[in-house]
Amino acid sequence: MKNVLKIVIVAFLAGFGGSYAFYALMVKPGLQTHEAETAFTSTESYDTPLTYHFSSSAAPTVAIPNVDFSVAAARATQSVVYINSISQGASYSYWDWFFNQGNSNRTQVSSGSGVIFTADGYIITNNHVVETAERIEVNYNKRTYPAELIGTDPSTDLAVIKIQPEGNDLPAATLGSSKNVQVGEWVIAVGNPFTLSSTVTAGIVSAKGRRIGILEDKFPIESFIQTDAAINPGNSGGALVNKAGELVGINSAILSRTGSYTGYAFAIPIDIAKKVFNDLVKYGAPQKAFLGTSVVEYNYENAKKYDLATNVKTFNGVLVEQLDREGPAIKAGLKLGDIITRIDTININSQSEFEEELSYHNPGDKITITYLRSSKVNTATLTLINQNGSTEIIKRKILNDGSLGAQLESTRYGVKVFKMKDTSVLKRIGIPENFTIVALNRQRVKDPEEVSEFFAKYRGRAYVYGINSSKQQMEIPIDIR
């Protein structure tokens with residue numbers, strides 16, 4: 001028994017000694033080395049901030065400057081208004097149909113924002129804020145003003161409305177330039193989200209020239225400023241301003257699966273908005289200029305598609321994808337697969353940049369295109385045209401029909417009827433405000449004169465087919481006596 005006890009004691013001491021020797025010779029020097037590598041070094045003076053040494057793989061922390069948006073917010077909020085778009089929508093509730101009231105109308109009100117552009121009451125907003133409105137009201141400074149729709153541009157999602165203020169001394173927004181906006185720059189968004197008036201949120205410019213494919217117009221212009229300033233439903237048409245309080249964009253859209261802000265918001269550059277505003281006020285219609293070509297991004301995939309070199313360092317420019325038969329581009333000698341790199345002195349590197357640069361021009365303007373073909377630089381000077389193929393300015397033409405008690409305007413789809421008087425024949429037979437007549441007795445109509453002549457001469461049962469302000473197709477049976 002004693003021998004066994006001695007063996008256990010000796011084994012324990014031997015193990016302990018071996019462990020201590022391993023710690024002293026191997027572990028402790030390593031710990032000392034590790035402690036020396038991770039020690040912080042500070043300067044000697046307490047008045048100087050501590051200096052920390054990081055490994056090369058870690059990025060140093062950059063202090064965010066103290067940014068005060070109070071001045072910019074004060075300037076911007078006084079120029080942003082609250083807009084109500086009022087329309088009569090068909091009721092689709094179960095009880096309405098059950099009691100045979102499926103055609104009953106209910107007043108629908110949607111809200112948005114707008115920015116005062118001039119002291120005498122011109123206001124810019126989004127087209128989608130007012131496009132379904134039969135009546136528009138502007139709430140500003142605790143007063144409600146009826147608003148007149150001056151014009152719309154679905155291709156940019158912009159619209160201009162007008163109120164009649166007393167004194168013509170509204171605080172118009174101070175306009176900046178979206179071309180000078182830099183990615184990473186601080187901006188604030190001002191609007192009326194969820195009916196909360198004069199709400200201010202801040203963020204940075206996340207990107208420029210964003211094309212996100214949300215505009216349904218035939219010739220959309222998308223070159224959005226992307227920001228992470230919080231924008232929600234009701235902010236549409238509001239202001240995006242820089243730190244100086246200058247207007248740099250008109251808030252238009254969010255990218256969200258929930259319908260609320262998730263970090264991605266988009267604004268129309270103010271330089272585009274200024275051109276559209278001037279067109280709508282002066283002519284009642286946007287003056288879009290066309291080159292007679294459509295382009296796509298110049299990248300590896302598209303270069304391969306057109307059998308172009310793919311071993312280039314950078315893919316600068318846009319590719320000509322389509323040419324109109326009688327357009328300026330084909331007449332100037334451009335071909336499919338040409339790489340447009342410049343319009344006048346402006347470098348073009350994306351489809352959104354191409355569309356934005358053209359948006360600043362009018363039909364009849366002459367521009368110079370720089371393009372590459374077979375690695376050779378070429379130039380072509382051409383004259384831009386309108387959507388009808390001419391160089392004329394397109395003006396809004398309105399027929400004021402006194403016998404019908406309404407105004408008629410030719411649109412892409414038919415003849416729009418609006419500003420109907422209470423005694424209007426059209427209103428009496430059930431035609432709603434802002435209704436676009438597409439066909440009368442199943443015969444297409446395009447000119448206001450056709451509609452006016454039909455109602456002046458026809459008597460009896462008839463059918464009016466068209467589209468209401470909510471973009472719903474309707475066929476209305478009427479009886480003309």
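## Reading the features

A: Ser 375 lies in the loop between strand E17 (366-373) and strand E18 (376-383); helices (H or I, at least four residues) and strands (E, at least two) are DSSP runs, numbered from the N terminus. Residues are numbered from 1 along each chain as its sequence is written, and side-chain values use heavy atoms, with hydrogens and water left out. The model is predicted: local features need pLDDT of at least 70 and side-chain atom pairs pLDDT 80 or more, while totals for chains, interfaces and linings use all residues.

Q: What phi does Ser 375 have?

A: Most residues other than glycine have a negative phi. Ser 375 is not a glycine, yet its phi is positive, about 65 degrees. This residue is exposed, with a relative accessible area of 74% (exposed means over 50%, buried under 20%, partly exposed in between, with a 1.4 Å probe and protein chains only).

Arg 442, also not a glycine, has a positive phi of about 65 degrees. Its loop runs between strand E22 (435-440) and strand E23 (443-444), and Arg 442 is exposed at 56% relative accessible area.

Q: How many bridges join strand E24 to strand E25?

A: Two strands pair if DSSP finds at least two bridges between them. Here eight bridges join E24 (residues 460-467) to E25 (residues 473-480), and the two strands run antiparallel. Ile 467 stands opposite Gln 473 in E25. Five residues lie between the strands of this hairpin, where Lys 471 takes a positive phi near 65 degrees.

Q: Which residues touch the most other members of the largest nonpolar core?

A: In soluble globular proteins, nonpolar side chains tend to be buried together. A nonpolar core is a set of buried Ala, Val, Leu, Ile, Met, Phe, Trp, Tyr and Cys residues joined through side-chain atoms within 4.5 Å. The largest one has 30 residues, and those touching the most other members are Val 115, Ile 124, Leu 158, Ile 188, Ala 239, Leu 247 and Ile 250. Elements that give two or more residues to this core include helix H2 (70-77), strand E11 (247-254) and helix H5 (270-283). H5 gives the most, six residues. Another core, apart from this one, has 21 residues, among them Val 417, Leu 426, Leu 440 and Val 451.

Q: What volume does the second largest pocket have, and which residues are closest to its centre?

A: A pocket is an open set of points on a 1 Å grid over the protein atoms alone, with protein on both sides within 12 Å along at least five of seven lines; a cavity is a set where a 1.4 Å probe fits but cannot get out, and lining residues have an atom within 4 Å of a point. The second largest pocket has a volume of about 720 Å³. Of its 39 lining residues, Phe 219, Ala 289, Phe 290, Leu 291 and Thr 293 are the closest to its centre. H8 gives the most to this lining, with five residues. H8 (351-359) is mostly covered, eight of its nine residues being buried.

Q: Which residues line the largest cavity?

A: The largest cavity holds about 40 Å³ of space. Its lining is made by Thr 156, Ile 221, Glu 222, Ser 223, Phe 224, Ile 268, Pro 269 and Ile 272.

Conventions
Grid points are joined across faces, edges and corners, and a volume is the space filled by probe spheres set on the points.
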